[in-house]
Amino acid sequence: MKYHPAPKTQGSLFIPVAWRNLWRNRRRTLLTVAAIAFGMLIVQLVMSIQSGSYGPMIALGTRMGSGHIQILHKSFHDEPRIEYSIVNIDERLSNLDNAPALDFVSARAETFALVSNDPHSTAALVNGVIPERELALSDMPTKVVKGSYLTGDNQAFIGAGLARNLQLDVGGEIVILGTNADGGIGAAVAEVSGIFEATTELERALIQVSLNTFQEAFDMPDQAHRIVALVDDPMSMGDGFETLDRARVDDEIVMDWTELMPEISEGIEIDIVSNAVLQFVLILIVVLSVMNTFVMTLFERTREYGVLFAIGMKRAFVYRMTMIEVVLLWLVGIVCGGLLTCLLVVPLMFTGIVIPASEDALQSQFAFMPTAIYPDFSWWVVFTAPVVIGIGAVISVSLVAIRLARLDITEALRSE
Amino acid sequence: MSEFAVQTTDVTRIYGSETVPVYALRGVSLTVENGEFVSIVGPSGSGKSTLLHVIGGLERPTEGEVEVGDTTLGECSDSELTDVRLYKMGFVFQAYNLIPVLSAVENVEFILQLQGISKEERRERAQEALSAFGLEDLFDRRPGEMSGGQQQRVAIARAVVSNPDVLLADEPSANLDSETTKEFCEYLQQANEERGVTILTATHDPLVMGYTKRHIQLVDGQIAA
């Protein structure tokens, strides 16, 4: 004999049955809802903090002057010798200024040199920068504590530590002496225009002069060591990398911030992995909690399921009803989780989470650490936890439901 | 329409292993005519419930054949057996076995929903069935809010609402006092006489036997009389 399968009907009782079943053991359901809600809250909190912290970390790191992407001589990164320079700087900057994929470009030169204020002298890293472009590229001009940032040629912007060591003040003269590209002596005399405070290391060993001054001192006309660019989104880089790649010549390479500052990208990667493990464990606990609820349900309602099968309920319908139950439980959980997130995490987007250490201490020791983190809610952050919990719950409860669909009817009817 | 409602031919049901077989039924052959009200009687362990389960397609016989109307159950797949139970049979269990989260009317409606009947029709038929068993004031009560007798009447309403050919009742009076059992049997009789439902009930309650027109005596899995 053949009977047609029952067609779908309006006003299905499955949803009311599933909803009421959910609340038959109110305490257990509330505990499961709480597990989903708090699991979601914690995962969203961690993800939003992650998402909100990487941007400032990258910005702080790259705004020390490295930018997001650079063109440099192919040997300079591994062996930063003065002769590994790049040429035609003025023309190339002018061309790159109009590149739509780049927010900003500049050029920098650098070498180690002896700096002195008779009778004091020390070794320092001399940076040649384009002062009018530096404000957009780095935070150095904002770190002035005395005097002013570079306004022209033959000026020097030095760290407070270096100023102390050389007993220099604003208006004083500093002598720079080093080796130029052809092995001869390069020298310059510059007036201290300003003094900055930054990390201890930078304060003691960094001196900035204009690129023109650097080029004249070290005999590097229209040359520099890096063309530095900023892009809108340093995580994706957009077309910025390709743009610089097209602008380089044969003996040059293009590197992005992940290669230039591997300590930041590796730190982010380690953070992502360690948080992913935490999030996985949290979600697993939530999913197991949901699964446990349905395993208990199966044991408690075995006889009832036997009756449903006996009166002619298809096993697929029982599976469907169980799935409706888990989806309803999930919905209640994520609504509660969403409310908790709105109450507890969203306000932090505006107030920020202040890292409990003084700004000065952080700045002097951890140059790349922001002083406050503002959680960032992207679609990814909002939806990952509920979707993963939902999929996990459906899969785990499916295992229970499959077992349910295989129940022996007479054994189920005999169960207590 | 078939000449009989139920027919079993040499039905044997063995539980346990091949080395230690336990015979629940041994070559049971019987015929129940359309519209009969039959009791299957016998002591505990005589095979009454097993026989009802085999006739109801809840379990398959180890040997032999069961026919319900023009359907040979042995030829049906599991899914087809589910359809047979849904469309041709009604069940009344010892412990009522209503869905606790549904009201009386929803419990009766539920089986009609499984048959794909529209919301309006199934509500009308469910209310009609409950009213026929004197439950017109209890439509919205849940099982936990009803007495044992009232729950068993809802169970009958659920069993007959889809107009099954055969109603199987397994020890339906086991949890009822004598007064409620009498009332319950009168409702079963009403379903049998007014709706023409063939009823097989497994029982060892003399009060229930008194309402049935034929007794089939089972002893050690065999028909004794």
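Trainee: In which sense do E4(B) and strand E5 (residues 71–72) of chain B pair?

Mentor: Helices (H or I, at least four residues) and strands (E, at least two) are DSSP runs, numbered from the N terminus, and two strands pair if DSSP finds at least two bridges between them. E4(B) and E5(B) have two bridges, and B:Val68 stands opposite B:Thr71 in E5(B). The sense of the pairing is antiparallel.

Trainee: What kind of model is this?

Mentor: Residues are numbered from 1 along each chain as its sequence is written, while chains are lettered from A and ligands numbered from 1 in the order in which they are written. Local features need pLDDT of at least 70, side-chain atom pairs count only at pLDDT 80 or more, totals for chains, interfaces and linings use all residues, and the model itself is predicted.

Trainee: Which residue takes a positive phi in the hairpin of E4(B) and E5(B)?

Mentor: The hairpin has two residues between its strands. A positive phi near 60 degrees occurs there, and the residue that takes it is B:Gly69.

Trainee: Over how many bridges do E1(B) and E4(B) pair?

Mentor: E4 of chain B covers residues 63–68, and its pairing with E1(B) is antiparallel. One facing pair is B:Gln7 opposite B:Glu67 in E4(B). The number of bridges between E1(B) and E4(B) is five.

Trainee: What phi does B:Asp10 have?

Mentor: Most residues other than glycine have a negative phi, and most peptide bonds are trans. B:Asp10 is found in strand E1 (residues 4–16) of chain B. B:Asp10 is not a glycine, yet its phi is positive, at about 50 degrees.

Trainee: Is B:Asp220 buried, exposed or partly exposed?

Mentor: A residue is buried if 20 or more other C-beta atoms (placed from the backbone) lie within 10 Å of its own, exposed if 12 or fewer, and partly exposed in between. B:Asp220 is found in the loop between E9 and E10 of chain B, and has a positive phi of about 50 degrees although it is not a glycine. With 14 other C-beta atoms within 10 Å, B:Asp220 is partly exposed.

Trainee: Which are the edge strands of the six-stranded sheet in chain B?

Mentor: The sheet is open, has mixed pairing and runs in the order E6-E7-E8-E3-E9-E10. E9(B) and E10(B) pair in the antiparallel sense over two bridges, with B:Leu218 opposite B:Ile223 in E10(B). An edge strand here pairs on one side only, and the edge strands are E6 (89–92) and E10 (222–223).

Trainee: Which peptide bond is cis, with omega about 10 degrees?

Mentor: E2(A) and E3(A) run antiparallel with nine bridges and form a hairpin with two residues between them. A:Pro119 is found in the loop between these strands, E2 (104–117) and E3 (120–129). The cis bond joins A:Asp118 and A:Pro119.

Trainee: Why do the buried residues of H1(A) lie on the same side of the helix?

Mentor: The buried residues of H1 (residues 14–22) of chain A are A:Val17, A:Ala18, A:Asn21 and A:Leu22. An α-helix has 3.6 residues a turn, so residues three or four places apart point the same way.

Trainee: How do H2(A) and H10(A) run, roughly parallel or roughly antiparallel?

Mentor: Axes are lines fitted to C-alpha atoms, for helices over the stretch in contact, and angles run from 0 to 180 degrees between N-to-C directions. H2(A) and H10(A) pack at about 170 degrees, with axes 10 Å apart. Angles under 35 degrees count as roughly parallel, over 145 as roughly antiparallel, 65 to 115 as roughly perpendicular and the rest as oblique. H2(A) and H10(A) are therefore roughly antiparallel.

Trainee: Which helix gives the most to the side of chain B that touches chain A?

Mentor: Two residues are in contact if their C-beta atoms, placed from the backbone, lie within 7 Å. The contact takes 29 residues from chain B and 23 residues from chain A. Helices H2 (78–88) and H3 (104–114) of chain B each supply at least two residues of that side of chain B. The helix that gives the most, with seven residues, is H2(B).
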